[in-house]
Amino acid sequence: MKILIANRSEIALRVIRTATELGIDTVVGYADADFDTPFTRASGEAHALGGDTLAETYMNGDKLIELARATGAAAVHPGYGFLSESPEFAEAVVAAGLTWIGPSADTLRELGDKISTRQLAERVGVQPVPGISEQISGRAEVEDFVARWGYPIVTKKADGGGGRGITIIRDDAGLDHFFQAAGPDPQGVFVEKFLETARHVETQCMRDVHGNFAVVSTRDCSVQRRNQKLIEEAPAPGLTTEQEATLERYSQALFDGAGFVGLGTCEFLVGEEIFFLEVNPRLQVEHTVSEEVTGLDLVAEQIRIARGEAISPVPSPRAHSFEFRITCEDPARDMQPSQGTVAALTWPLGHGVRIETGVVAGDVVTSGFDSMLAKVIVTAPTRDAAIARSLRALGEFRLDGLATPVPLYRDIIADPDFAALHYSTRWFEESFLPAWNAEHAEHAGTTPAPAPAEAPAERQTFTIEIDGRQATLTVPKGMFAQGAPQTPRPQPLRRSSRSRTVPEAGEAASGDVRSPIQAIVVRVVTEPGAVVAEGDLLVVLESMKMESYVYAPLAGRVEDVAVEAGSSVAAGTALLTITPEEKE
């Protein structure tokens with residue numbers, strides 16, 4: 001058997017390792033920037049997809065399926081992200097005569113729409129967060145909901161996920177801002193009551209074609225920033241026996257109701273009551289902690305299920321495990337992306353430490369696909385022991401050349417409130433982070449700005465002969481020159497967004513408004529000829545699944561708009577021009 005892994009970097013390596021242990025051959029496609037990376041070297045076969053954009057490579061289903069056919073792969077594993085939740089890709093894989101290692105297209109379609117998922121939950125007796133289980137029709141409907149439930153509320157896009165398309169609204173002014181950004185008739189948007197004191201708890205679930213269901217473990221993912229998880233742990237601490245039983249009952253009802261066959265995660269808010277949030281029909285980034293506390297290999301379980309076999313028995317949790325997402329983001333600079341060359345890299349070692357990564361020393365971090373460099377997973381017999389071991393392991397971590405959140409993580413898990421479970425999904429942003437920023441304010445500006453990332457290395461192609469068969473060989477340019485230094489290879493990342501953009505001084509003076517980040521334009525709120533005041537909303541951007549807003553740096557008249565909804569923009573791309581109002 002051979003599996004095509006339709007993904008890259010650490011998750012591709014994760015699947016390759018399990019497949020190798022099972023005696024399964026693997027093949028990967030790669031973008032130009034991923035030439036000669038750990039996952040391409042580890043795979044049995046690696047083939048160029050021809051291109052360096054998502055559309056040309058990891059999001060190009062036709063290319064991936066053609067590669068599977070050409071290499072004799074019998075199945076496709078999508079990893080997470082990219083096409084893992086695309087019902088169209090799942091259908092195309094099956095139509096090509098290949099095995100899809102994941103839930104069916106019908107299941108992906110139902111669970112990929114948050115409105116239909118809410119409706120599923122209501123049908124099977126699972127309590128969702130109080131909200132409107134239909135697309136909102138306009139402002140009046142939202143105002144009626146606020147009159148009943150009060151502020152704060154949260155608007156969500158039906159096709160959102162991982163924090164994408166979420167807007168928290170706390171008052172009438174916030175509601176004004178939302179409808180200004182989204183328009184009077186926002187499509188595919190629903191509303192829920194925003195619960196501020198609950199914890200984010202999820203269940204790692206699996207269900208086979210025979211109807212066997214199991215919760216592998218619970219997980220707590222409450223340490224979040226802008227709805228993006230930072231630290232996860234298993235099992236979720238502090239749950240009562242009754243709460244655990246409710247979570248398992250709700251999870252099985254959802255999986256059975258959706259006809260779910262495969263691995264997935266049910267997400268909940270847990271406080272005085274348990275409210276359902278969503279189902280993620282794929283492997284999660286944080287699946288590792290569930291593996292560590294049970295000993296199961298969840299990728300192996302995915303393959304078993306895809307083969308029509310029964311799921312394995314689930315051992316009782318035997319330990320406690322934390323996962324830390326190591327991203328190239330600088331906590332001293334509001335988690336702005338950090339770019340440059342990984343000059344030196346030392347991973348923590350020792351008992352109970354697991355590293356999942358796709359980078360090595362010498363890699364160049366540039367704008368591209370994802371900000372996550374690695375995951376550090378730490379496991380010990382108890383939660384207190386796991387915290388102590390995590391402090392030791394994170395203290396051993398060294399990465400020279402760009403910033404990571406590791407110092408921030410050490411302070412989080414050393415905080416007494418974290419140890420005592422005195423936190424909710426808002427604790428990090430509203431309590432811990434402001435205090436941490438204030439404590440580190442005296443050091444602001446002392447960290448040197450990240451060096452510009454180097455461009456991807458040029459390459460040369462040669463015609464060679466291997467065992468009498470002609471082939472082509474592509475290598476970094478100058479590789480065969482005597483004494484030539486080895487060129488570092490690029491490790492792409494995807495920039496993260498900020499909630500509010502800050503114009504440079506030059507922009508404020510000229511009215512030249514540019515994108516501060518690599519992003520997609522969601523909506524242009526203004527138009528040529530419009531008169532704007534300083535601070536008016538101009539453009540809505542989306543990056544790293546989060547929306548950010550571009551505001552007018554000065555008062556004046558909009559002369560030119562250079563982008564439209566759906567445009568992809570790089571950092572520094574001109575968005576529009578404002579002619580400053582004349583001073584009297």
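Predicted model: local features only at pLDDT ≥ 70, side-chain atom pairs only at ≥ 80, totals over all residues.

Colleague: Why is Cys 266 said to be in no disulfide?

Modeller: A disulfide requires two cysteine sulfur atoms within 2.5 Å, and the nearest cysteine sulfur to that of Cys 266, belonging to Cys 205, is 4.2 Å away, so Cys 266 is in no disulfide. The search of the whole structure likewise finds zero disulfides.

Colleague: What makes Cys 266 and Cys 328 buried?

Modeller: The label calls for a relative accessible area under 20%; Cys 266 has 0%, so it is buried, and Cys 328, with 1%, is therefore buried as well.

Colleague: How do you know that the length of helix H15 agrees with what its residues should span?

Modeller: Helix H15 covers residues 427-440, and at 1.5 Å a residue its 14 residues should span 20 Å. The end C-alpha atoms of H15 are 18 Å apart, which is taken to agree with that expectation.

Colleague: Where does H15 bend, and what follows within four residues?

Modeller: H15 bends by about 40 degrees at Leu 433, and the residue that follows within four residues is a proline, Pro 434. Leu 433 is also one of the buried residues of H15, together with Trp 427, Phe 428, Phe 432 and Trp 436. What covers these buried residues includes strands E10 (213-225) and E11 (228-234), along with helices H13 (406-414) and H14 (416-419).

Colleague: Why is strand E14 called mostly covered?

Modeller: E14 comprises residues 320-327, and eight of its eight residues are buried, so each has a relative accessible area under 20%. His 320, Phe 322, Phe 324 and Ile 326 point one way, whereas Ser 321, Glu 323, Arg 325 and Thr 327 point the other way, and all are buried.

Colleague: What makes E11 and E21 partners of E14?

Modeller: Pairing needs at least two bridges; E11 and E14 have four, so they pair, in the antiparallel sense, with Ile 231 opposite Phe 324. Eight bridges join E14 to strand E21 (residues 372-380), so this antiparallel pair also qualifies, and here His 320 stands opposite Ala 380.

Colleague: Why are E26 and E28 called edge strands?

Modeller: In the open sheet of four strands, ordered E26-E33-E31-E28 with antiparallel pairing, strands E26 (512-514) and E28 (531-532) each pair on one side only. E26 pairs with E33 (residues 574-580) over three bridges, where Asp 512 stands opposite Thr 577.

Conventions
Residues numbered from 1 in each chain as written. Heavy atoms only, no water. Buried < 20%, exposed > 50% of the residue type's maximum accessible area, 1.4 Å probe, protein only. Helix = DSSP H or I, 4+ residues; strand = E, 2+ residues; numbered from the N terminus. Expected span 1.5 Å × (residues − 1). Bend = angle between axes of the 7 residues up to and from the residue. Contact = heavy atoms within 4.5 Å.
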